[in-house]
Amino acid sequence: QVQLVESGGGLVQAGGSLRLSCAASGRSFSGYFMGWFRQAPGKEREFVAAIRWSAGTTYHADYVKGRFTISRDNAKNTVYLQMNTLNAEDTSVYYCAAARSTYPIDIYAYTVPQKYSYWGQGTQVTVSS
């Protein structure tokens with residue numbers, strides 16, 4: 001059974017940093033994309049970043065480029081989201097998700113929540129201004 005468990009959220013001041021972790025278990029994810037999404041109260045879930053597990057190829061939403069970085073550790077079966085220069089608009093619940101890779105690879109397909117089959121429970125990030 002696939003499990004995705006996020007951790008690392010919390011309260012941080014504007015300008016600060018957090019690193020979120022997503023521990024993945026239950027299968028091999030070498031044929032998967034792993035994504036980070038976020039959802040603020042009253043808003044739709046939005047794409048943050050994705051990584052193709054096997055190749056390590058990454059893709060970040062424009063509004064986080066230069067501030068957030070997605071990465072993965074094969075040995076630990078864990079995906080990370082390093083978040084720097086946080087601001088109040090980054091306050092959200094952050095979710096880790098997994099989607100089976102389909103070919104040919106269309107990275108934009110992995111920016112929509114409906115592409116993902118597995119989801120974690122989410123971790124709250126609150127940025128105080």
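This report describes a sheet, a set of aromatic contacts and a disulfide in a predicted model.

## The four-stranded sheet

Strands β1, β3, β8 and β7 form an open sheet, arranged in the order β1-β3-β8-β7, with antiparallel pairing. From one strand to the next, the twist averages 15 degrees.

## Aromatic pairs

The structure contains 12 aromatic pairs. One of them is formed by phenylalanine 37 and phenylalanine 47, with an edge-to-face arrangement: the centres are 5.7 Å apart and the planes make an angle of 75 degrees. Phenylalanine 37 belongs to strand β4 (residues 32-39) and phenylalanine 47 to strand β5 (residues 46-52), so this pair ties together parts that are 10 residues apart in sequence. Phenylalanine 37 counts as buried because its relative accessibility is 0%, and phenylalanine 47 counts as buried at 10%.

The ring centres of tyrosine 110 and tyrosine 116 are 6.5 Å apart and their planes stand at 85 degrees, so this pair is edge-to-face. Both tyrosine 110 and tyrosine 116 are buried.

Ring pairs join Phe33, Phe37, Phe47, Tyr59, Tyr95, Tyr108, Tyr110, Tyr116 and Trp119 into a cluster. The two pairs described above therefore involve members of this cluster, since Phe37 and Phe47 as well as Tyr110 and Tyr116 are included in it.

Arginine 45 lies over the face of tyrosine 95, at 3.8 Å from the ring centre. Arginine 45 also lies over the face of tryptophan 119, here at 4.7 Å from the ring centre. Tyrosine 95 and tryptophan 119 are both among the residues of the cluster.

## The disulfide

A search of the whole structure finds one disulfide. This bond joins cysteine 22 to cysteine 96, with an S to S distance of 2.1 Å. Distant parts of the chain are linked in this way: cysteine 22 lies in strand β3 and cysteine 96 in strand β9 (residues 92-100), 74 residues apart. Strand β3 is also a member of the open sheet.

The link between cysteine 22 and cysteine 96 is left-handed, with -75 degrees about the S-S bond. Cysteine 22 has a relative accessibility of 0% and therefore counts as buried; cysteine 96, at 1%, counts as buried as well.

Note on methods
Residues numbered from 1 in each chain as written. Predicted model: local features only at pLDDT ≥ 70, side-chain atom pairs only at ≥ 80, totals over all residues. Heavy atoms only, no water. Pairing = 2+ DSSP bridges. Axes fitted to C-alpha atoms, helices over the stretch in contact; angles between N-to-C directions. Phe/Tyr/Trp six-rings, centres within 6.5 Å; stacked < 30°, edge-to-face > 60°. Buried < 20%, exposed > 50% of the residue type's maximum accessible area, 1.4 Å probe, protein only. Lys NZ or Arg CZ within 6 Å of the ring centre and 35° of its normal. Disulfide = S-S within 2.5 Å.
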